[in-house]
Every structure is written in structure tokens, then in C-alpha cells.
Amino acid sequence: MDSRSPLPGCFGGMISRRTQRKKQGPPTQAPRPASPGPSTSTGSTCCTPHEKQLLDKDVESYSPCCDFTYVVDGDDQGWLPSELPPSYTTTGESANDHSVAQTIDDTVDSFNAKLRELSCKIHAHPELMFEERYAHDLLTDFMSGQGFLVTKHYLGLPTAWRAEFSYGSGGRVVGINSEMDALRGLGHACGHNLIAVSGVGVALSLKAAMEAHRTPGKIILLGTPAEEAGGGKIILLERGGYKEMDVCIMCHPSPGSERSASVGPTIAMQAIEVEYFGQSAHAGAAPWEGTNALDAAFLAYSSVSLLRQQMKPEQRIHGIVQGKDWSPNVIPDYAKMRWLVRSPTYAELLPLVKRARNCFEAAATATSCVCKVTAERPYYDLQQNRVLGNAFADIVGNRYGVQTTQAGTTASTDFGNISYSLPALHPAFAIPTAPHGGNHTAAFTKAAATQEAHDAMLVITKGLALLGYRILEDAQFLLEVQSEFIAQTNLRSQ
């Protein structure tokens with residue numbers, strides 16, 4: 001994490017990592033293994049000396065958002081057990097014309113070595129929120145060489161970028177996201193190196209399919225900074241970065257069973273910074289002359305602890321206390337707290353935030369301190385578009401043998417805000433990692449660099465590209481996607 005105030009980014013596994021869903025029946029077809037393409041690595045992990053130093057650290061780093069685990073309990077091989085929560089039932093029919101699918105598969109396979117190289121380079125150069133300069137330059141230079149119109153430093157964000165390709169006139173617009181940021185002290189412990197190159201792979205294969213099959217439309221690939229903390233996508237959304245898109249798609253790695261994915265929801269989260277200002281004094285000679293800011297922080301912490309008894313089981317509040325140069329013989333004149341408030345939906349989040357704020361302000365009143373509460377941009381719950389989710393499950397199940405579940409996660413992401421604004425899909429996909437080595441651990445940093453993780457990413461990349469192509473060529477399908485989005489929006493407003 002950056003030392004600056006973090007926003008509710010990725011998927012912090014602060015609460016239960018598994019959400020039960022109503023069973024819809026087992027898949028009607030046994031998964032068929034599919035090769036993601038030729039391997040280009042001589043070893044299983046891309047690892048520079050700097051990277052190895054990061055991977056050897058036995059540490060975990062706090063971040064407010066990102067753990068996409070949708071099953072628990074590890075095994076000795078790195079993959080989680082094969083038993084999954086209820087999955088989608090596949091239709092047994094291909095969602096796309098075989099020739100188009102072959103074009104997409106061949107294109108992703110042809111870029112396999114380059115995607116692996118890009119991923120390893122990003123993994124070896126981890127950068128924090130809004131500091132992703134190396135990744136920005138690396139990816140924009142590459143996309144410029146592939147026939148895309150590239151805009152660097154997009155919409156005033158120094159490390160955001162846009163790569164656009166259009167074919168023919170008219171048509172629909174498919175949006176894609178590539179994340180790039182890493183975690184302080186851990187590097188790419190959330191696998192954003194894989195997310196970055198997956199977005200590139202989707203865009204490249206869609207471009208090839210549009211050209212080969214003469215399908216009009218537009219691709220917009222956004223390089224989105226600061227997902228872990230900073231809300232980069234929210235800023236781009238506020239500045240119009242998503243307004244042309246008919247849909248937006250991306251993916252995210254997680255622990256899980258081999259050849260599995262999840263299109264379940266994530267939860268809403270509000271990051272809050274609380275500062276208390278008091279008056280210093282000699283703690284032994286004249287403590288009555290001081291106003292203890294640390295007392296205010298402790299009182300607020302206790303108040304929130306009492307509030308938890310009246311919270312719903314699926315809600316969470318958790319925080320830490322920070323300060324500056326405290327000494328036991330000086331009354332602290334300043335204390336800062338970082339809080340995260342979580343609830344299944346944004347609508348449920350708002351009243352819980354108000355109750356938490358009452359605790360913070362009451363502590364200031366009781367201790368005669370001045371209180372400053374700063375509520376940052378909230379991360380909305382992720383509203384996966386069910387029509388897109390069903391179609392994705394069909395594609396990756398029938399063609400690549402990937403089982404897709406609807407299991408949710410108690411993670412949070414700024415892509416949730418995108419899903420409130422337009423139809424969106426954000427599948428999590430499984431990569432092998434050590435037991436208890438989920439997102440935001442040193443073990444997951446190591447896992448995100450392996451050939452096995454890269455291969456799993458390629459399969460999901462192909463599936464998302466096929467889904468994107470269906471948006472471009474099937475007007476009726478897009479109408480169904482849009483109708484589902486409207487229905488979800490109306491349901492939230494009730």
C-alpha cells in the first residue's frame with residue numbers, strides 16, 4: 001500500500017471468503033481439457049534478482065480490498081479442491097461460430113510468448129497506485145505497434161492510458177480493462193500483471209477477429225491505475241472514460257480449483273480516515289493542560305467494537321490507529337485512524353457508515369478533541385451482468401473445460417462502480433498457490449509469476465474475447481444484456 005490514504009481497492013479477505021448460492025444443478029457436460037497454447041517459458045516462474053527478493057519475504061501486507069477466493073482449504077499441489085459451489089449449467093452448444101473461435105484461439109496463441117514477456121516484466125517492476133509509469137510505457141508502446149490508436153496519460157491521470165481500434169462503420173463498442181498496480185512490500189500479490197496482459201490479449205484477438213470476419217465495431221482497452229487503493233476506474237468513469245462502451249469486461253486471478261472461474265458478486269466498501277487533534281502537555285507534570293488525541297482514538301475504537309454487536313452478520317467494520325512520534329511522557333496531540341466499512345450492497349453501506357461516523361464524532365466530543373472525518377470514494381458492490389455471465393460460462397465450459405460458479409467473495413473493487421454504470425463482467429479465475437496463500441500474500445506474488453498462472457489466464461482471455469465478439473456481431477444478444485442491466489438497476493432502486 002501507498003503511504004497516502006488508500007481507497008477501497010482490491011479484494012481484502014477481511015471476512016468470510018465464500019458465499020453460498022442457490023444450486024442450479026451440475027454441468028451437463030464433462031469439462032474437456034484444452035491447451036492454452038504453446039509454453040514459452042523454460043521454467044515455471046519468471047524471476048529476476050529483485051523479484052526473488054520480494055518473493056522470499058515471508059510477510060503479508062494490508063490493503064483494503066482484494067481477495068477473490070471462492071473456495072477454501074488448500075492442497076499440496078497449489079490448486080484448491082475440485083469441489084465447487086453450485087455452477088452454471090452449460091448448454092452443450094458453442095456460443096460462437098467455430099471459425100471465429102479458431103481465429104481468437106490462434107491469435108492469443110501467437111502472442112503467447114509476448115504476453116508472457118510483458119507479464120514477467122510488469123511483475124518484476126511492481127509499482128504502487130498512480131505510479132505505474134513502467135507498466136504504462138511498456139504497454140502503450142506495445143499496443144501502438146499493434147495497430148491501435150493509443151492515448152497516453154489518459155484523462156489527466158499520468159499512468160492511465162487508452163488503446164482504441166475500429167473496423168468498418170458503426171457497430172458496437174466493447175470495453176476492456178487492464179490493471180497494473182502492485183502492493184507495497186509484496187509486489188504483484190494480487191496478480192495485476194496477469195490482468196494487464198489479459199486485457200491486451202482480449203483486445204488483440206478481438207481485433208484479429210474483426211478484421212478476419214469483417215465485423216464492424218470498436219474496441220477500447222483502458223489501462224486503469226490504482227485499483228488497490230485510489231479508485232482509478234472511478235476517476236476515469238467520472239471523467240467520461242467509459243461513456244462510449246456498450247459493455248466492459250476484465251478478469252482477476254484468485255486461489256481456486258483447477259480450471260475454475262467465478263462470476264459471483266463482491267461487496268461494497270467505504271474507506272474513512274479519521275483524524276483527532278488535541279493539545280500536547282507533560283504527562284507527569286501537567287497532564288490537565290493537555291487534550292489527549294490518542295484517548296479519542298481509543299474511545300472511537302471501543303465504540304465501534306460495541307457497535308459490532310448490533311451489526312448484521314454480513315457487515316464488517318475494521319480499522320487501525322496511527323500517529324506521530326508518540327512518547328509515554330507526552331500527551332499525544334494527534335492521532336489518525338484508517339477504517340473500512342463493508343456491507344453487501346452500496347445501499348446497505350450508507351446507514352452503516354453513518355453509524356460509524358457517530359462513533360468517531362462522539363469520541364471527539366467526549367475528549368474535547370477536534371475531529372476531521374474524510375470519507376473517500378466508495379467502492380460499490382460488483383453487479384455481474386447475468387446474461388454476460390451465462391454466456392461466458394457456456395463459452396469457457398464448452399470450449400475450454402472451465403467450470404464456472406456463482407460463488408461470491410467479500411472482496412471489493414472499483415470495477416463495482418463500473419458495473420453500476422453499464423453492463424459488465426469481471427470473472428475471477430483460479431491459479432495454483434500455496435495453502436493460505438491467497439491474494440495479498442507473498443505466496444500469491446510468487447504464484448502470479450508462474451507458467452501455470454499464465455496458462456490459466458490465457459484460457460480466460462480467450463473466453464472473454466469470444467464473449468466480446470458476440471457483443472460485436474449479435475445485436476439481439478446485446479439487447480438481452482442491456483435488458484438485464486436495466487432490470488438490475490430497477491431492482492436496486494426499489
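**Reading a predicted model**

Reply: Let us begin with a loop: His 153 is found in the loop between strand S1 (149-152) and strand S2 (161-167). Please bear in mind throughout that this is a predicted model.

Me: Where does Phe 130 lie, and what is its phi?

Reply: Phe 130 lies in the loop that separates helix H3 (112-124) from helix H4 (133-144). Its phi is near 65°, again a positive value in a residue other than glycine.

Me: How many helices and strands does the protein chain contain, and what share of its residues count as buried?

Reply: The protein chain has 13 helices and 14 strands. Of its 494 residues, 60% count as buried. As for contacts between residues at least 6 apart in sequence, 84% of them join residues at least 24 apart.

Me: How is the packing of two helices described?

Reply: Two packed helices are described by the angle between their axes and the distance between the axes. Consider helix H5 (residues 192-212) and helix H12 (residues 451-473), whose axes come within 8 Å and cross at roughly 40°. H5 and H12 are therefore oblique to each other. Their crossing is right-handed. Among the residues that make the contact are Val 197, Gly 201 and Leu 206 of H5, and Met 457, Leu 464 and Gly 468 of H12. By class, the contact of H5 with H12 comprises 12 nonpolar, six polar and no charged residues.

Me: At what angle do H3 and H12 cross, and which residues meet there?

Reply: The axes of H3 and H12 come within 11 Å and cross at roughly 125°. H3 and H12 are therefore oblique to each other, and their crossing is right-handed. Asn 112, Leu 115 and Arg 116 in H3 meet Gln 451, His 454 and Leu 458 in H12. This contact of H3 with H12 consists of two nonpolar, three polar and one charged residues.

Me: How do H9 and H13 pack, and which residues make their contact?

Reply: Helix H9 (residues 386-400) and helix H13 (residues 475-493) have axes that come within 7 Å and cross at roughly 135°. H9 and H13 are therefore oblique to each other. On the H9 side the contact is made by Arg 386, Val 387, Leu 388 and Ala 391, and on the H13 side by Phe 477, Glu 480, Val 481, Glu 484 and Gln 488. The residues of the contact of H9 with H13 include five nonpolar, one polar and three charged.

Me: Which residues of the largest nonpolar core touch the most other members?

Reply: In the largest nonpolar core, of 68 residues, Met 143, Ile 176, Phe 392 and Leu 467 touch the most other members. H12 gives the most to this core, with 13 residues. Apart from this core lies another, of 26 residues, including Ala 300 and Phe 360.

Me: Which residues does Ile 176 touch?

Reply: Leaving aside residues up to four places away in sequence, Ile 176 touches, among others, Val 202, Leu 206, Ile 219 and Cys 248.

Definitions and conventions: Residues are numbered from 1 along each chain as its sequence is written. This is a predicted model: local features need pLDDT of at least 70, side-chain atom pairs count only at pLDDT 80 or more; totals for chains, interfaces and linings use all residues. Side-chain values use heavy atoms; hydrogens and water are left out. Axes are lines fitted to C-alpha atoms, for helices over the stretch in contact, and angles run from 0 to 180 degrees between N-to-C directions. Helices (H or I, at least four residues) and strands (E, at least two) are DSSP runs, numbered from the N terminus. Angles under 35 degrees count as roughly parallel, over 145 as roughly antiparallel, 65 to 115 as roughly perpendicular and the rest as oblique. A crossing is left-handed if the near helix is turned anticlockwise from the far one by less than a right angle, and right-handed if clockwise. Contact means heavy atoms within 4.5 Å. Ala, Val, Leu, Ile, Met, Phe, Trp, Tyr, Cys and Pro count as nonpolar, Asp, Glu, Lys and Arg as charged, and the others, Gly among them, as polar. A nonpolar core is a set of buried Ala, Val, Leu, Ile, Met, Phe, Trp, Tyr and Cys residues joined through side-chain atoms within 4.5 Å. Buried means under 20% relative accessible area, exposed over 50%, partly exposed in between (1.4 Å probe, protein chains only).
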